[in-house]
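Hi,

Here's the structure I said I'd pass along. Have a look at it first, and then read on for what turned up.

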Amino acid sequence: MGYIEWVIIKDGLQELSLKEYEEEWDTVYGYMVLKLGDYRLGYLEDEWYRGDIDLPYYIKRVVKCGTEMLQGNDYFFQLLDWNLLDLKIYYGKKIKIQVVHNQKNRIEFEYYISFEDLINEVQRVYKRYIEDIKNINPIILTTREMRLMDEDYKIFMEKLIHRRKK
């Protein structure tokens, strides 16, 4: 079961060169849904919704969240595509995830996940995203954006290996 799912908008991505991607495209767009129990935020497909979610923004945040959890830190970030919402993840025996309305400082939803489930989800999300990009256009894997994301994932994996050796 995944907590984060997405569909990449492939139109135009498949035939892009590295130069075209870097100069004209700059990111991968699609639909995305965050699933926390019965709570759903986002869409996987909808006729009126154009699928303009910046997927790498969220994949990077998921990896960074995993790294912060491995270090025993809390992690917060803005859900750009849902305007006034923040995602707050609190480290603990059970990881607490809150969806917070940032202007009203009101918790919209709260969910608990085990540490291992969160770490497994980080790995699943990153690996699936890389596989999706590889299947659409492997050239995108060589972009600056992807190299930086790969560096972040390597840091995450180093922290995970270090933690498991303890």
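Strands β5 and β6 (residues 85-90) are joined by five bridges and run antiparallel. To find your way into that pair, look for Q78, which sits opposite D86 in β6. Keep in mind throughout that this is a predicted model.

That pair belongs to an open sheet of four strands, ordered β5-β6-β7-β8 and paired antiparallel. β5 (75-79) and β8 (106-114) are the edge strands, each with a single partner, so one side of each has no neighbour in the sheet. Ignoring direction, neighbouring strands here are turned by 20° against each other on average.

Two helices pack on this sheet. α2 touches β5, β6 and β7 (94-101), and its direction makes about 165° with that of β5. α3 touches β6, β7 and β8, with its direction at about 95° to that of β8.

Now for the helix pairs, both of which involve α4. What angle do α3 and α4 make where they pack? For helix α3 (residues 115-136) and helix α4 (residues 144-165) the angle is about 150°, and the axes are 12 Å apart. Since the cut-off for roughly antiparallel is over 145 degrees, α3 counts as roughly antiparallel to α4. Their crossing is left-handed. On the α3 side the contact is made by F115, E116, I119, V122, Q123, Y126, K127, Y129 and I130, and on the α4 side by M146, M149, D150, Y153, F156, M157, L160, R163 and R164. By type, the residues of this α3 and α4 contact are 12 nonpolar, one polar and five charged.

The other pair is helix α2 (residues 55-70) with α4, packed at an angle of about 20° with axes 9 Å apart. That makes α2 roughly parallel to α4, and the crossing is again left-handed. From α2 you have P56, I59, K60, V63, G66, T67, M69 and L70, which meet E145, M149, D152, Y153, I155, F156, K159, L160 and R163 in α4. The residues of this α2 and α4 contact split into 10 nonpolar, two polar and five charged.

Strand β1 (residues 4-8) has four of its five residues buried, so β1 is largely enclosed by the rest of the structure. β1 pairs with strand β2 (residues 29-36) in the antiparallel sense over five bridges, and V7 stands opposite Y31 in β2. β2 is mostly covered too, with seven of its eight residues buried.

β2 and β3 form a hairpin with two residues between them, and G37 in the turn has a positive phi of about 65°. β2 also pairs with strand β4 (residues 53-54), antiparallel over two bridges; there, D54 in β4 is the bridge partner of Y29.

Is D132 buried or exposed? Its relative accessibility is 18%, and as buried means under 20%, D132 counts as buried. Leaving aside residues up to four places away in sequence, D132 touches W6 and I8.

Which residues have a positive phi although they are not glycines? D26 is one of them, with a phi of about 70°. D26 lies in the loop between α1 (18-25) and β2, and at 46% relative accessibility it counts as partly exposed. N105 is another, with a phi of about 50°. N105 is in the loop between β7 and β8, and at 62% relative accessibility it counts as exposed.

Cheers

Conventions: Residues are numbered from 1 along each chain as its sequence is written. This is a predicted model: local features need pLDDT of at least 70, side-chain atom pairs count only at pLDDT 80 or more; totals for chains, interfaces and linings use all residues. Side-chain values use heavy atoms; hydrogens and water are left out. Axes are lines fitted to C-alpha atoms, for helices over the stretch in contact, and angles run from 0 to 180 degrees between N-to-C directions. Angles under 35 degrees count as roughly parallel, over 145 as roughly antiparallel, 65 to 115 as roughly perpendicular and the rest as oblique. A crossing is left-handed if the near helix is turned anticlockwise from the far one by less than a right angle, and right-handed if clockwise. Contact means heavy atoms within 4.5 Å. Ala, Val, Leu, Ile, Met, Phe, Trp, Tyr, Cys and Pro count as nonpolar, Asp, Glu, Lys and Arg as charged, and the others, Gly among them, as polar. Buried means under 20% relative accessible area, exposed over 50%, partly exposed in between (1.4 Å probe, protein chains only). Two strands pair if DSSP finds at least two bridges between them.
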